[in-house]
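My notes follow in the order of looking.

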Amino acid sequence: MGPKKGSASNARVTRNGQASTSKASSRGGISKRQGARPLKVDRDGDLNMDASAAGSASRSQPKRSNNNATSSSAPIRTSSRNPRPTAKTQQIIQRVINGDPSQISAHRAGRRTDVAPPVILRVQGLKDSKAASNEGGGLKELLTFLERKSQTVGHTARPVRIKKSQINGDFVYITASKEDAQEILKVNNFYFAGATLQITEVPEGLPNRDSTPLSSTALEMKEQLRNVLSTRYDVNAKLLNLSTLGEDPTLNQMGFFRGEATPEKMFKALMAICEGLFKTPQAKRDAVVSISLAGNNINDVSQILSLTDTFPDIVNLDLSRNQFKDLKALQKWRHRLRSLQTLLLNDNPIEVANPNYKAEMVTWFPKLLNLSGIQVRTPEQVAATAAASRPTPIPQGGPDFRDINRVGEGFITEFLPLYDTDRQNLAAKYYDEQSTFSIAVNTHSPHEAGVPLPTWGDYIKFSRNHMKRNHAPARQQRLFTGASQIQALWNQLPPTQHPNLAAQFDKYIIDCHPIHGLADPAGQSPLGVDGMIMTVHGEFDDQELGTTKTTKRSFSRTFVLGPGAPGRNPIRVVSDMLSLKAFKNVPSPATTQATTVNDQQKQQMLLELSKQTGMTPEYSQFCLDGANWNFEQALASFHEKRAQIPPQAFVAAA
Amino acid sequence: MDSILEAAQDFVDHYYETLNKRQSLAPYYASTSTHLTNASVKPDISINGRVVESVAAYEALLDAQGANVHYTVSSFDVHPVNPNYALGCPENLTVAFDGNEGGGPGWGKVSKSIKDGDRVSFAIQVRSVPQSFHRRLSMCMGFLIPEARSKVVDLVSCLWYNAYFIFIYSGTIRYGKPGDTPAPAATEGGAAVEGAPAEVAFNEAWLLVPHWEALGRNAARGLKKWVVVSQNFRAL
């Protein structure tokens with residue numbers, strides 16, 4: 001496959017592609033014939049360069065018309081590498097193959113609007129002519145004949161040009177401009193390769209293509225491809241052997257290697273059929289582990305791109321004996337085939353052209369073990385890389401409780417029990433006219449497995465989760481400002497029971513630290529006053545309103561505390577934000593660390609710390625013991641206390 | 001109020017995106033502002049109970065987590081803390097705290113600014129809680145020249161430029177890529193997949209203050225309007 005194998009010279013693509021399709025399926029596509037300028041007519045009057053070359057050449061490079069030299073001779077099978085068609089020309093080819101006349105005519109109309117609509121002629125007689133046995137069904141010869149004869153018969157100086165052609169049953173439908181059609185009609189009853197041509201105008205336009213029995217031929221084709229696949233699948237090896245497709249008798253018989261675009265199309269079709277064979281991606285993974293595409297003359301993975309769509313998880317891939325010559329030809333798979341373990345690129349030009357390709361391939365495919373028969377990684381290395389790339393969360397530490405004069409401690413020890421027993425007095429004591437309170441329910445938080453999700457009916461109507469509430473009035477309403485509003489709300493919330501802070505301190509994590517620049521309630525200090533921010537993570541049981549049903553929930557509550565106004569409680573709550581979620585134990589730093597460190601890891605840490613700090617193993621152990629065998633912490637505390645560490649703690653410098 | 005909501009929304013939209021891409025977080029913190037730094041305002045960063053010395057140190061911690069850590073915010077809330085934050089406020093954006101009668105601190109200059117159409121300094125100079133501000137504004141508008149009046153209405157949205165506010169974000173952190181190797185099997189509807197990315201909840205409380213450099217007349221483009229003075233993060 002690929003452009004080189006079995007494909008006709010570039011200049012023939014339109015007609016041959018068209019003809020081979022029509023032969024296989026007995027229906028015609030529409031060929032667009034472009035590039036007709038007087039300059040481009042060669043000796044035969046054959047101005048049909050391939051659509052792609054003509055399409056671009058006629059617009060930008062008129063001089064390329066001397067390419068026609070090749071097109072005047074009979075189709076040549078050539079093994080020389082043709083330049084890859086550009087995306088644009090491919091698009092044009094695709095359009096031609098698909099026979100989408102609407103796009104073509106729209107395109108032309110855009111350029112020449114003052115021309116009479118083209119005329120469609122029906123030509124009968126090709127089937128009976130000797131040319132019908134030619135490659136391509138003789139269509140090309142017929143068209144050339146019609147153009148040449150009509151020009152000479154009519155003695156016209158300008159070339160006669162057939163824009164489109166389509167084989168439909170016994171007839172060939174051709175499209176030409178009104179003027180040219182008049183000339184072509186003069187060729188009626190001429191002899192062409194032993195048969196009389198009957199040319200008539202078809203006023204009603206092209207016959208409806210849908211009326212021809214497409215589906216049966218398509219089905220037949222699909223069945224044939226499916227057979228090809230089944231003969232090439234090895235159940236035991238889980239191998240889909242698609243090597244040397246160009247020599248496959250069935251595929252050759254179907255005419256896939258006579259056009260240029262068709263091998264790619266055929267491969268796409270094969271992949272589409274594979275896709276349909278498996279119900280789930282897993283079934284596909286289980287059935288096909290290895291694919292061989294050896295010996296297919298592929299020179300760029302874009303020709304077989306559908307492989308990675310259909311088999312993204314393939315493990316072994318044989319691409320040997322192809323024509324990959326550089327990394328660019330493989331570039332499109334750089335971020336695909338993540339599970340690839342074996343890739344064979346033996347006998348490809350890249351081996352000589354770029355001996356360094358292996359290093360690159362290893363970085364492209366993270367699990368690649370075997371490249372062209374050489375081991376590039378061990379499975380252990382792959383596992384180690386995967387483990388290393390797995391993120392490690394920032395370690396969980398104990399409370400960060402930077403209190404000022406035990407104000408924070410005093411506040412929270414009083415707050416939690418009072419919130420359970422006497423919210424009215426709590427609000428009266430700590431909250432004033434400017435204090436704010438709000439609740440946000442986070443219904444999407446991760447929670448303990450197996451625990452039923454709680455209901456939020458009593459809270460949700462007050463919830464102020466801004467990710468959910470985009471309605472401004474709702475946002476406003478749910479901010480409760482002033483002690484009286486807060487008291488009123490607290491009355492409507494379910495009664496709660498928090499664990500005793502002193503007795504069950506492990507059920508809480510409390511962080512606090514000083515902040516600056518709060519508004520001075522006394523109105524004295526222009527730069528504001530100092531306060532504190534405190535975040536409490538914990539749990540409580542609540543009792544659903546009107547029932548006795550209790551639910552355990554987790555909460556996070558953040559307070560901004562500041563000095564009270566003169567004559568009021570010395571501490572005021574500036575802001576109180578309560579966030580509720582499904583119950584989950586708060587993380588406990590001590591236990592998670594202790595359970596994960598075994599003796600071997602300890603030994604490794606010891607060595608590493610000793611190496612990084614220059615301390616003796618003995619002192620390294622002190623340090624790690626002090627940090628509860630948390631390496632990061634040990635290192636941090638080393639840097640912190642470095643000045644105080646005695647000199648004998650360090651290994652004597654050599 | 002809307003303005004701080006917008007600020008919080010803006011922060012949630014940008015900060016966590018920056019975090020997930022592991023781009024520089026420095027522009028979000030008070031340490032980026034010379035005015036604030038000169039007034040000894042310094043971000044206080046507490047991560048899982050550890051006090052982190054600087055933004056760079058926090059970024060080092062984030063880097064140590066490795067790639068493919070993704071933060072998703074599922075809930076947030078915001079409160080004003082101090083409508084009139086003054087620490088590090090530069091001269092040209094502030095007025096003397098003279099406590100003069102009637103208009104309140106700096107009020108005389110405010111009305112002058114309105115007449116001059118000086119939008120930013122107007123907003124910055126407002127030194128009052130919002131309720132009384134509206135009262136004062138209507139009082140003020142009575143004697144404003146007509147062309148300035150429309151500006152005033154326009155300016156109300158700038159009201160909170162010097163607010164000091166707090167917000168809480170909570171959400172989840174996903175460790176590992178969603179498409180990590182064992183994950184495709186999850187699409188089969190099978191049982192829990194071993195090695196699937198772990199998700200934990202987090203709660204993060206932030207205090208933000210005005211970024212004075214971003215509020216001046218010829219402020220550089222692209223500066224954050226608010227910067228972080230306090231961050232408290234906990235994975236839960």
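I began with the buried residues of α10(A): they are Thr262(A), Pro263(A), Glu264(A), Met266(A), Phe267(A), Leu270(A), Met271(A) and Cys274(A). I call a residue buried if 20 or more other C-beta atoms lie within 10 Å of its own, exposed if 12 or fewer, and partly exposed in between, with C-beta atoms placed from the backbone. Helices (H or I, at least four residues) and strands (E, at least two) are DSSP runs, numbered from the N terminus.

This is a predicted model, so I kept its limits in view: local features need pLDDT of at least 70, side-chain atom pairs count only at pLDDT 80 or more, and totals for chains, interfaces and linings use all residues. Residues are numbered from 1 along each chain as its sequence is written, while chains are lettered from A and ligands numbered from 1 in the order in which they are written.

I checked the length of α10(A) next. Its 16 residues (262–277) should span 22 Å at 1.5 Å a residue, and the end C-alpha atoms are 22 Å apart, which agrees. The expected span is 1.5 Å times one less than the number of residues.

I moved to α24 (631–641) of chain A. Phe631(A), Ala634(A) and Phe638(A) are buried there. They fall within an arc of 60 degrees seen down the axis of α24(A), so they line one face of the helix. The arc is that of the directions from the helix axis to the C-beta atoms. His639(A) and Glu640(A), on the other side of α24(A), are exposed. What do the buried residues of α24(A) pack against? I found α22 (599–613) and α23 (617–626) of chain A.

I then took the whole of chain A. It has 24 helices and 21 strands. Of its 654 residues, 38% count as buried.

I traced an open sheet of 7 strands in chain A, ordered β8-β9-β10-β11-β12-β13-β14, with mixed pairing. Two strands pair if DSSP finds at least two bridges between them. The edge strands are β8 (233–234) and β14 (374–375) of chain A, each pairing on one side only. Strands β10 (290–292) and β11 (316–318) of chain A run parallel and are joined by 3 bridges. Ser292(A) has Asp318(A) as its bridge partner in β11(A).

I turned to the contact between the chains. Chain B gives 55 residues and chain A gives 55 residues; contact means C-beta atoms, placed from the backbone, within 7 Å. On the side of chain B, β3(B) gives the most, with 10 residues.

I looked up Arg234(B), in strand β6 of chain B. Is Arg234(B) buried or exposed? It counts as buried, with 24 C-beta neighbours inside 10 Å. Leaving out residues up to four places away in sequence, Arg234(B) touches Ile509(A), His537(A), Asn48(B), Phe202(B) and Asn203(B). Arg50(B) is 184 residues from Arg234(B) in sequence, with 9.9 Å between their C-alpha atoms.

I ended on the nonpolar cores (buried Ala, Val, Leu, Ile, Met, Phe, Trp, Tyr and Cys residues joined through C-beta atoms within 7 Å). The largest has 76 residues, and those touching the most other members include Ile533(A), Met534(A) and Leu207(B). Its largest share, 7 residues, comes from β5(B). A second, separate core of 40 residues includes Leu270(A), Ile298(A), Val301(A) and Leu337(A).

Conventions. Two residues are in contact if their C-beta atoms, placed from the backbone, lie within 7 Å.
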